[in-house]
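Try each task before you read its solution.

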Amino acid sequence: MTGVRPMLDGVPETLLWTLYHRAYEAGQPYPVIDDPVALQLLEDLDYPFEERFGRPNAFLSQAQALRSRCFDLAVQGYLRGRPEATVVALGDGLETGFWRVDNGRLNWLSVELPQVAALRRTLLPTSDRLRTLARSATDLSWLDGIEDPAGRGAIVTTQGLLMYLEPAEVRKILAGCAERLPGGVLVLDSVARWQARGTVAGTSKVGSMTIPAMRWAMNPGERRKLLGAHPNITEVHALGLPRGRGAMGELIRFQHLMPGLRTLTPAMTMLRFGR
């Protein structure tokens, strides 16, 4: 598949930035994430990564990889109790979580916009336990594709997605999951309000790419407000990043523990739904 040229802009293009940094970290001698599929994607895509995004940043690359690893650990933790659960990845982009956490029994549903869904189908390996649905995450009909959520279980991940939606759309997704997925969980990341303001003003860039407007933001201290999205949300708690590599990894972990610094990178949150 060498030479596939992705024709993406706006929010969909951001998936290439996250892939770029995650793959860079995966290629280090002692990476914080094992991601050979991401490394292969970088080879298979005909895209000027360095020209568009600049040279990889060691801090951002490790932070991006640790964010993905945090999602992986949450999924693996849920699967220990429900090994045949459905993992629903909303706005999956070119994430490769399926191959990082696959226990041989789970079912995986990626929900992506049509142009990104087509890219996933073109580039990524296939599996009879992996489906890609070309649909907006805000069209909750994807919930119909989860088999026996009460029995087998379901975990929903929303990595790098919700901040680009309107607040009402975020609430709709959280409420829909809480209503339809008893005993399930949802894992999200969120940016602080000051970060979102820069993107709305159009002043935030990575390389030559202007970061799309982030319409929904949440400071870490506001997590408990998520309980108000639906009565079936019974628990909301913070997820800490796993330990990184070397002094840079300690800096990232330390930054997440300090009130004055923890808003520099996205915050991780898990929601649990009642039965």
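**Exercise 1: a glutamine and its contacts**

Leaving out neighbours within four places in sequence, find the residues that Gln64 contacts.

Solution. The model is a predicted one. Gln64 is in contact with Trp17, Thr18 and His21, once neighbours within four places in sequence are set aside. Now place the residue: Gln64 belongs to helix α4, residues 58-81. Last, check accessibility. Buried means under 20% relative accessible area. Gln64 has 10% relative accessibility, so Gln64 counts as buried.

**Exercise 2: two packed helices**

Describe how helix α1 and helix α2 pack.

Solution. Start with what is needed. Two packed helices are described by the angle between their axes and the distance between the axes. For α1 (residues 10-26) and α2 (residues 36-44), the angle is about 120° and the axes are 8 Å apart. The two helices are therefore oblique to each other. The crossing of α1 past α2 is left-handed. On the α1 side, Leu19, Tyr20, Arg22, Ala23 and Ala26 make the contact; on the α2 side, Ala38, Leu39, Leu41 and Leu42 do. Sort these contact residues: eight are nonpolar, none is polar and one is charged.

**Exercise 3: aromatic pairs**

Classify the ring pair Phe98 and Trp99, and say whether each residue is buried or partly exposed.

Solution. The whole structure holds seven aromatic pairs. In the pair Phe98 and Trp99, the ring centres lie 5.2 Å apart and the planes stand at 85°, so the pair is edge-to-face. Phe98, at 3% relative accessibility, counts as buried. Trp99, at 26% relative accessibility, counts as partly exposed.

Methods. Residues are numbered from 1 along each chain as its sequence is written. This is a predicted model: local features need pLDDT of at least 70, side-chain atom pairs count only at pLDDT 80 or more; totals for chains, interfaces and linings use all residues. Side-chain values use heavy atoms; hydrogens and water are left out. Helices (H or I, at least four residues) and strands (E, at least two) are DSSP runs, numbered from the N terminus. Buried means under 20% relative accessible area, exposed over 50%, partly exposed in between (1.4 Å probe, protein chains only). Contact means heavy atoms within 4.5 Å. Axes are lines fitted to C-alpha atoms, for helices over the stretch in contact, and angles run from 0 to 180 degrees between N-to-C directions. Angles under 35 degrees count as roughly parallel, over 145 as roughly antiparallel, 65 to 115 as roughly perpendicular and the rest as oblique. A crossing is left-handed if the near helix is turned anticlockwise from the far one by less than a right angle, and right-handed if clockwise. Ala, Val, Leu, Ile, Met, Phe, Trp, Tyr, Cys and Pro count as nonpolar, Asp, Glu, Lys and Arg as charged, and the others, Gly among them, as polar. Rings of Phe, Tyr and Trp (its six-membered ring) pair if their centres lie within 6.5 Å; planes under 30 degrees apart count as stacked, over 60 as edge-to-face and the rest as tilted.
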